[in-house]
Amino acid sequence: MVFKVGGDIDAYCTKCRLDTIHVVVALKPGNEGPKRVECKSCGGQHMYHAPKLPSRTEAPSQPAVVNRSAAARNPPPPKPPKPPKPAAAKAALTAPPAGAGAREWLRRMEDLAHQGGTPIRAYSMRETFAAGDPVSHPKFGKGVVLEVIEAKKCAILFEEGRKVLAMGGT
């Protein structure tokens with residue numbers, strides 16, 4: 001195919017992010033193909049990028065000259081959502097009801113209020129906690145340590161739910 005400076009060509013516009021008609025501004029040495037193009041839609045100049053949609057009339061290695069702008073503006077319909085994985089479905093079935101965490105948190109906060117002697121400690125990654133310790137987190141609010149999972153991890157029940165947080169770091 002022979003290209004001319006000033007000739008029209010289909011190309012992918014990096015500014016519009018579409019296949020649009022461009023004007024050839026510069027050619028590669030030996031007239032191998034367009035080097036720089038200017039978009040007729042937005043006026044942006046950029047290096048030539050072959051159209052993203054495959055050509056219907058020519059081999060994909062050659063630049064297309066057929067206007068496919070309308071096809072680029074009307075993308076194919078979205079893919080249907082994938083079915084959930086079996087593990088996720090199983091976890092959803094075994095999860096407690098949505099309000100269960102909030103009810104448990106409220107019950108534990110009331111128990112702490114009746115005990116009265118246990119001070120609420122500010123949460124810090126550097127601190128070490130034991131099961132049953134009340135904590136106050138800057139983002140999640142008041143909570144109670146449910147369990148120590150590992151030497152440096154603990155599960156804390158906050159009003160919005162259970163969170164696994166780091167502890168005892170140096």
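User: Is D19 buried or exposed?

Analyst: D19 is buried, with a relative accessibility of 2%. Buried means under 20% relative accessible area, exposed means over 50%, and partly exposed lies in between, for a 1.4 Å probe and protein chains only. This is a predicted model, in which local features need pLDDT of at least 70 and side-chain atom pairs count only at pLDDT 80 or more, while totals for chains, interfaces and linings use all residues. Residues are numbered from 1 along each chain as its sequence is written, and side-chain values use heavy atoms, with hydrogens and water left out.

User: Which strand holds D19?

Analyst: D19 is part of strand β2. Helices (H or I, at least four residues) and strands (E, at least two) are DSSP runs, numbered from the N terminus.

User: What lies 2.9 Å from a polar atom of the D19 side chain?

Analyst: The backbone nitrogen of K52 lies at that distance of 2.9 Å.

User: Let us move to H46. Where is it, and which side chain has a polar contact with it?

Analyst: H46 is in strand β4, residues 45-47, and is buried at 8% relative accessibility. The side chains of H46 and H22 are joined by a polar contact of 3.2 Å. A polar contact is a pair of N or O atoms within 3.5 Å; within protein, one must be able to donate a hydrogen and the other to accept it, and residues adjacent in sequence count only if both atoms are side-chain atoms. Leaving aside residues up to four places away in sequence, H46 touches Y12, C13, T14, H22, K35, R36 and V37. Contact here means heavy atoms within 4.5 Å.

User: Can we step back? How many helices and strands are there?

Analyst: The protein has 3 helices and 9 strands, and their pattern along the sequence is β-β-β-β-α-α-α-β-β-β-β-β. Of its 170 residues, 27% count as buried.

User: What is the order of the strands in the open sheet?

Analyst: The open sheet of 5 strands has the order β5-β6-β7-β8-β9, with mixed pairing. Its edge strands, β5 (121-122) and β9 (161-166), each pair on one side only. Two strands pair if DSSP finds at least two bridges between them.

User: How do β6, β7 and β8 pair?

Analyst: β6 and β7 run antiparallel, joined by 4 bridges, and a hairpin of 3 residues connects them. β7 and β8 are antiparallel over 6 bridges, with a hairpin of 2 residues between them. In β8, A155 is the bridge partner of E147, and L157 is that of V144.

User: How many aromatic pairs are there?

Analyst: A search of the whole structure finds 2 aromatic pairs. Rings of Phe, Tyr and Trp (its six-membered ring) pair if their centres lie within 6.5 Å; planes under 30 degrees apart count as stacked, over 60 as edge-to-face and the rest as tilted. The pair of Y123 and F129 is stacked because the ring centres are 5.9 Å apart and the planes are at 15 degrees. F140 and F158 form a tilted pair, with 5.2 Å between centres and 40 degrees between planes.

User: Why does the pair of F140 and F158 tie together parts apart in sequence?

Analyst: F140 lies in the loop between β6 (134-137) and β7 (141-150) and F158 in strand β8 (residues 153-158), so the pair links parts 18 residues apart in sequence.

User: Which residues make up the largest nonpolar core?

Analyst: That core has 10 residues: Y123, F129, V135, F140, V145, C154, I156, F158, L165 and M167. β8 gives the largest share, 3 residues. A second, separate core of 6 residues includes F3, I9, A11 and V24. A nonpolar core is a set of buried Ala, Val, Leu, Ile, Met, Phe, Trp, Tyr and Cys residues joined through side-chain atoms within 4.5 Å.
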